Every structure is written in C-alpha cells, then in structure tokens.
Amino acid sequence: MTGKLNITVLGAGLMGHGIALTFARAGHGVTVYDAFPAGLEVLKDRVAASLTAMGIDDRESAETLTRITPEADLAVAVKNAAVVFEAAPEKPDLKRALFKEVEASAPETCILASNTSVIPITTIMSDLRNKGRALGTHWWNPPHMIPLVEVIRTQWTDEADLDTMVNLLASVGKTPVRVEKDVAGFIGNRLQHAMWREAIYLVESGVCTAEAVDQVVNASFGRRLSVLGPLANADLVGTDLTLDILENVLADLDNRPAPSPYLRRLVEEGKLGMKSGEGFRSWTPEDMEDVRQRVATHLRRLETILK
Ligand SMILES: NC(=O)c1ccc[n+]([C@@H]2O[C@H](COP(=O)([O-])OP(=O)(O)OC[C@H]3O[C@@H](n4cnc5c(N)ncnc54)[C@H](O)[C@@H]3O)[C@@H](O)[C@H]2O)c1
C-alpha cells in the first residue's frame, strides 16, 4: 500500500479528529464519519485548533484542512477507503455493530482498525466475514502529538495487513509497536494502570497526598522515562539489584483485583476530576488551563529534544 490513500476515520471526537489530522498533514485524503451532526460541524475548527497548539503555520494548516472531508453517511464514507480507523465510543456492542456495517460497504481489501482503549479486538471484530484484515491500532491522547500507536493482532489477523499498518503509521511519523497477543489494556495501558493503582493506594493508605504522588513522579523517574524505559533501566541498575528490590517491595504493593474503594467513593460523591473541579485534587479553571498548556508545550519541546 503506497502513495496517497483514502483514509476513513469513524468518530469525530477527541481521538478521531487527531487521527484525521495526522493523516491529512501527511498528504492523505481523510473522510471523517460521525453518527451525530454536531461532531462533524465542529470538526474543522477542532482540527485547526489542534494544529495551532502544535505550532503549525497558517499555510500548512489551511492545506491540511482541505484534505479532510466530513461525511454523515457511513456507506459513502467507507466506499473507497484503503484503511478505516474507528474512534467511536468505548462500547463493545456499538463498535461491533459499526464494523459489521462498515464491512457491508468498504472494499474487500480495506484494513479495519479499532482505537479501543481496552476492549479486546477479538470481541469487536468477531462478527466480521473477513477477519484477516481486522486489527487494533491504539493511539494515545493527543493522537497528533504522542508518537506511539500499539498495533494489535488477533488470532485471525493477516501478517501482510499487520505489516502494511506498521509501515503506514511509520510513514506518517508515528512509532508503531506490535502487540502480539490481544490482551486487555495491550501494553501501554497495562503499565500505566499498574502505576495508577499504586498511586491511588498510597493516597488511600495515608502515605501521602495526591499532590505528593504527582510531584514524586514528575520530579524523579518521570524525567527520564521518555529516554529510559523500565526494562532498560532494570538492565542499567542490574537485574541482581532489580531482583533484590522486588523481593523486598512487591509483597507490600496493592494487588487487589478490582478498582480501589477510595476511587469508587470519589465517583459516587461526584468528584469526577477536572470536569467537576475536584477529584484526587482540586482544580480551578486557571489550573486546568495551565495543565493543558504545559502538556502541549512540553510535548512540542520534546519533539525537538528527542529528534
Ligand atoms: N480519550 C483518550 O485518551 C483515548 C485514548 C486512546 C483511545 N481512546 C478510545 O478512542 C475511542 C474514542 O474516544 P474519544 O475520547 O475520541 O471519544 P469522544 O467522545 O471524544 O468521541 C467519540 C465520537 O464518536 C461519535 N459517535 C457516537 N456514536 C457513534 C457511532 N455509532 N459511529 C460513529 N461515531 C459515533 C461521537 O459523536 C463522538 O464524536 C474510544 O474507544 C476510546 O476508548 C481514547
């Protein structure tokens, strides 16, 4: 699969608009379908705002926007698609039904990819007639600024389609990583949520405040994570030291197989985080804007530093 392609994105939300932006910026034609007109109406404004946050100049922004077409008819949206990326709500039945509908109108050769966060790709694709061209592509928010895309195979996925997807993602500047088994949470979310579980437990147990947890991560291993992954770090300090540390600490870490009651209580009390002004921490509108700006600026600078 080479040259400029017809890419279709399903869902014009947070992830869909960023996936569309990524392919349009690289010169591909992108059609975006959404089940609700509101998402399509604001799509181009949303893409334009994200391009601005990335520091893209007006000329490149305008060119990128010309390659994006909002489309309210699913059959039309996928009719000529080489690849479909689904970024609709995280509901298994909705995604399964959506792919059945896509299969009825998309070309037989079209690769079908779901951006689910944690639903097994096998669950989403099991009703398809041709399951060989179906796989997972797990992008990270913001999808136009975070390089990683996990590419997940199922027991049915054709090797050639997996290779095509990996090459396509690399060609638009992403960092594709293969996930060889369709496990819940893939690689990144398993690692991330292992840490979040312990972070919540530390606060729940009165060891420290939520602010302290974040400060410890930000000011310590968070600083080196983008150049030193955990297993390179284990090799750096030595597998013998790693073993000694784990022998002494593992038994003390949270290993409950369900979400913490502390987290459940926050949700029950309506402390939903930034959207309600309070979660683990309290947030003023200024604090929230500050975090968003700092994340965007940090990601932009990292791109230059890590080149
Ligand atoms: N938000 C994240 O950080 C993140 C990261 C990785 C993966 N994901 C996954 O990406 C997917 C989309 O998440 P999001 O954060 O972009 O959600 P979102 O709510 O911002 O966007 C979802 C969009 O899908 C549209 N939609 C609803 N029903 C639809 C249908 N039947 N067909 C097509 N579109 C439909 C909605 O109108 C909305 O515009 C989810 O599976 C989510 O788990 C999210």
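## Close-up views of the predicted model

**View 1. Helix α14 is hardly covered.** Helix α14 spans residues 261-268. Among its eight residues, the count of buried residues is zero. The model shown here, as in every view, is predicted. Just after α14 comes glycine 270, with a positive phi of about 75°.

**View 2. The ligand sits among 24 surrounding residues.** The closest are Gly11, Gly13, Met15, Gly39 and Asn141. Two helices, α1 (14-25) and α6 (92-105), each supply at least two residues of the shell. The largest share comes from α1, with three residues. Sorted by class, the shell around the ligand holds 14 nonpolar, eight polar and two charged residues.

**View 3. A cis peptide bond joins asparagine 141 and proline 142.** Omega is about -5° for this bond. Most peptide bonds are trans. Proline 142 lies in the loop between β6 (134-139) and β7 (148-152). Asn141 also belongs to the ligand view, as one of the closest residues to the ligand.

**View 4. Helices α12 and α13 cross at roughly 105°.** Two packed helices are described by the angle between their axes and the distance between the axes. Here α12 covers residues 230-237 and α13 covers residues 239-249. Their axes come within 5 Å and cross at roughly 105°. That makes α12 roughly perpendicular to α13, because angles of 65 to 115 degrees count as roughly perpendicular. From α12, the residues in the contact are Ala234, Asp235 and Val237. They meet Thr239, Leu241 and Thr242 in α13. The residues of this contact divide into three nonpolar, two polar and one charged.

**View 5. The largest nonpolar core has 48 residues.** In soluble globular proteins, nonpolar side chains tend to be buried together. Which members of this core touch the most other members? They are Val9, Ala20, Val83 and Val84. Helix α1 gives the most to this core, with six residues. Leaving aside neighbours within four places in sequence, valine 83 is in contact with Leu5, Ile7, Cys110, Ile111, Ala113 and Leu168.

**View 6. Phenylalanine 85 lies in strand β4.** The strand covers residues 83-86. Is phenylalanine 85 buried or exposed? With 28 C-beta neighbours inside 10 Å, phenylalanine 85 counts as buried, because 20 or more such neighbours make a residue buried. Beyond its neighbours within four places in sequence, phenylalanine 85 is in contact with Val9, Ile19, Ala113, Asn115 and Thr137. Glycine 279 is elsewhere in the model: phenylalanine 85 and glycine 279 are 194 residues apart in sequence and 32 Å apart in space, C-alpha to C-alpha.

**View 7. Phenylalanine 186 and valine 183 are found in the loop between β8 and α9.** Strand β8 covers 175-179 and helix α9 covers 188-204. Phenylalanine 186 has a positive phi of about 50°, although it is not a glycine. Most residues other than glycine have a negative phi. Phenylalanine 186 is buried, with 22 other C-beta atoms within 10 Å. Valine 183, in contrast, is exposed, with 12 other C-beta atoms within 10 Å. The C-alpha atoms of valine 183 and isoleucine 152 are separated by 9.0 Å. Along the chain, these two residues are 31 residues apart.

**View 8. Proline 120 is buried in the loop between β5 and α7.** Strand β5 covers 111-114, and helix α7 covers 121-125. Proline 120 has 20 other C-beta atoms within 10 Å. Setting aside neighbours within four places in sequence, proline 120 is in contact with Asp182 and Ala184. Isoleucine 152 is 32 residues from proline 120 along the chain. Their C-alpha atoms are separated by 9.3 Å.

**View 9. Proline 107 is exposed in the loop between α6 and β5.** Proline 107 has 12 other C-beta atoms within 10 Å. It counts as exposed because the cut-off is 12 or fewer. Proline 107 and valine 83 are 24 residues apart along the chain. Their C-alpha atoms are separated by 9.5 Å.

Conventions:
Residues are numbered from 1 along each chain as its sequence is written. This is a predicted model: local features need pLDDT of at least 70, side-chain atom pairs count only at pLDDT 80 or more; totals for chains, interfaces and linings use all residues. A residue is near a molecule or strand if its C-beta atom, placed from the backbone, lies within 6 Å of it. Helices (H or I, at least four residues) and strands (E, at least two) are DSSP runs, numbered from the N terminus. Ala, Val, Leu, Ile, Met, Phe, Trp, Tyr, Cys and Pro count as nonpolar, Asp, Glu, Lys and Arg as charged, and the others, Gly among them, as polar. Axes are lines fitted to C-alpha atoms, for helices over the stretch in contact, and angles run from 0 to 180 degrees between N-to-C directions. Angles under 35 degrees count as roughly parallel, over 145 as roughly antiparallel, 65 to 115 as roughly perpendicular and the rest as oblique. Two residues are in contact if their C-beta atoms, placed from the backbone, lie within 7 Å. A nonpolar core is a set of buried Ala, Val, Leu, Ile, Met, Phe, Trp, Tyr and Cys residues joined through C-beta atoms within 7 Å.
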